Amino acid sequence: MSCASDPIAIRPAEITDAEAIEALVEPYVQRRVLLRRSLEELRDLTRNGFIAERDGRIVGFSAVDIYSKKLAELQCLAVTPDAQRQGIGKLLVQACIDCAREHQVLEVMAITAAEQFFRDCGFDYALPDQKKALFINTRPRY
């Protein structure tokens, strides 16, 4: 078992990580914290995705989906329960922000129930008291 002081490595995700990512996010999908994604969708997310590893074991993942030069979305942030509250999520978020910055994207959005976590990462409403995002589902989530 790893201890919290073991170093964490953040690296770009590879398409071959998709099955491990699927296993990582499955408990969060089951609890309806994350949306279910097919293996193909996860493979697509590896294009601008990042893996957190400790001792060669994947303990976290996040990706940034770049829609245009104006907007990208942080997606699929997950950290194993034994590695939470150690700053790994923030490192993954920062890697995604840096990736968007490298692609010269103006804004990165996060759709989340963990508002305070993302505020702690520097996210805020783009236009407070003016505009809010509204959504409609076009297909069942599960």
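Which elements do the buried residues of H3 pack against? I opened the notebook with this question and kept the answer for the entry on that helix.

**Entry 1. Ground rules**

I noted that this is a predicted model, in which local features need pLDDT of at least 70, side-chain atom pairs count only at pLDDT 80 or more, and totals for chains, interfaces and linings use all residues. Residues are numbered from 1 along each chain as its sequence is written, and side-chain values use heavy atoms, with hydrogens and water left out.

**Entry 2. Elements**

I looked up the elements and found 4 helices and 5 strands in the protein chain. Both kinds are DSSP runs numbered from the N terminus (helices: H or I, at least four residues; strands: E, at least two). Read from the N terminus on, their order is β-α-α-β-β-β-α-β-α. Of the 142 residues of the chain, 35% count as buried; buried means under 20% relative accessible area, exposed over 50%, and partly exposed in between, with a 1.4 Å probe and protein chains only. I also checked contacts (heavy atoms within 4.5 Å). Among those between residues at least 6 apart in sequence, 64% join residues at least 24 apart.

**Entry 3. The sheet**

I traced an open sheet of 5 strands in the order E1-E2-E3-E4-E5, with mixed pairing. Two strands pair if DSSP finds at least two bridges between them. Strands E1 (9-12) and E5 (107-110) stand at the edges with a single partner strand each, so one side of each has no neighbour in the sheet. From one strand to the next, the twist averages 25°; axes are lines fitted to C-alpha atoms, for helices over the stretch in contact, and angles run from 0 to 180 degrees between N-to-C directions.

I then followed the pairs. Strand E2 (residues 49-54) and strand E3 (residues 57-66) run antiparallel and are joined by 6 bridges; Gly49 stands opposite Ala63 in E3. E3 and E4 also run antiparallel, with 6 bridges, and a hairpin of 4 residues connects them. Here Gly60 has Val79 in E4 as its bridge partner. E4 and E5 run parallel, joined by 4 bridges, and Leu71 stands opposite Glu107 in E5.

I recorded that 7 of the 9 residues of E4 are buried, so this strand is largely enclosed by the rest of the structure. Helix H1 (residues 18-30) lies across E2, E3 and strand E4 (71-79), and runs at about 90° to E3.

**Entry 4. Helix H3**

I found that E4, helix H3 (residues 88-102) and E5 make a right-handed β-α-β unit. Right-handed means that, with the strands pointing away from the viewer, the path from the first strand over the helix to the second runs clockwise.

I compared the length of H3 with expectation. Its 15 residues should span 21 Å at 1.5 Å a residue, and its end C-alpha atoms are 21 Å apart, which agrees; the expected span is 1.5 Å times one less than the number of residues.

The opening question is settled here: the buried residues of H3 pack against E1, E2, E3, E4, E5 and helix H4 (115-120). Among these buried residues are Ile88, Leu92, Val93 and Cys99. Just after H3, Gln104 takes a positive phi of about 60°.

**Entry 5. Cores**

I looked up the nonpolar cores, each a set of buried Ala, Val, Leu, Ile, Met, Phe, Trp, Tyr and Cys residues joined through side-chain atoms within 4.5 Å. In the largest, of 20 residues, Phe50, Val64, Leu74, Ile88, Leu92, Val93 and Phe123 touch the most other members. E2, E3, E4 and H3 each supply at least two residues of this core, and H3 gives the largest share, 8 residues. A second, separate core has 16 residues, including Ala13, Leu24, Leu34 and Leu42.

**Entry 6. Single residues**

Not counting residues up to four places away in sequence, Phe50 touches Ile10, Gly60, Leu92 and Cys99, among others. Phe50 and Cys99 are 49 residues apart in sequence and 9.7 Å apart in space, C-alpha to C-alpha.

I ended with Thr46, in the loop between helix H2 (39-45) and E2. Thr46 counts as buried, at 6% relative accessibility. Leaving aside neighbours within four places in sequence, Thr46 is in contact with Ala13, Glu14, Ile15 and Ile21.
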